[in-house]
Amino acid sequence: MYTYDKVFTSQTANGSTSSLNWDGREGQVIASGTWDGANIQLEVSPDSGTTWVSVGDEGKLEADGAFNFSLNPCNVRLTVASAGASTSLNAWIT
């Protein structure tokens with residue numbers, strides 16, 4: 001059974017989760033809530049959190065949903081952008 005780490009709880013503003021040490025395997029991001037124009041983007045850091053880059057459109061949600069990803073060992077985080085007045089998002093990574 002997979003363990004889901006809740007990384008956003010009722011996130012209402014632009015911002016990023018804490019950095020998670022990813023051990024190099026397949027994973028999944030799940031997000032739901034009130035979007036009001038917001039999006040959630042998976043980001044990766046190749047240098048322990050100094051530099052962050054988007055994994056691209058395949059790692060982005062603009063509505064309730066999920067996506068899978070496969071990354072080598074690195075740090076990962078989720079970032080909310082374009083939050084609106086009623087944005088309230090929850091997100092999990094496994």
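Which residues of the largest nonpolar core touch the most other members? Among the 20 residues of that core, they are Trp22, Val29, Ile40, Leu42, Phe69, Leu71 and Leu78, where a nonpolar core is a set of buried Ala, Val, Leu, Ile, Met, Phe, Trp, Tyr and Cys residues joined through side-chain atoms within 4.5 Å. Buried means under 20% relative accessible area, exposed over 50% and partly exposed in between, with a 1.4 Å probe and protein chains only.

The model is predicted, so local features need pLDDT of at least 70 and side-chain atom pairs count only at pLDDT 80 or more, while totals for chains, interfaces and linings use all residues. Residues are numbered from 1 along each chain as its sequence is written, and side-chain values use heavy atoms, with hydrogens and water left out.

Select strand S9 (residues 74-81) next; strands are DSSP runs (E, at least two residues) numbered from the N terminus. S9 supplies the largest share of the core, four residues, and seven of its eight residues are buried. Two strands pair if DSSP finds at least two bridges between them; S5 and S9 do this in the antiparallel sense over seven bridges, with leucine 42 opposite leucine 78. S3 is also antiparallel to S9, through three bridges, and here leucine 20 faces valine 76.

Now show tryptophan 22 and phenylalanine 69, which form a tilted aromatic pair at 5.0 Å centre to centre, with 45 degrees between the planes. Rings of Phe, Tyr and Trp (its six-membered ring) pair if their centres lie within 6.5 Å, and planes under 30 degrees apart count as stacked, over 60 as edge-to-face and the rest as tilted. The two residues are 47 residues apart, in S3 (residues 20-22) and S8 (residues 65-70) respectively. Tryptophan 22 is buried at 4% relative accessible area, and phenylalanine 69 is buried at 9%.
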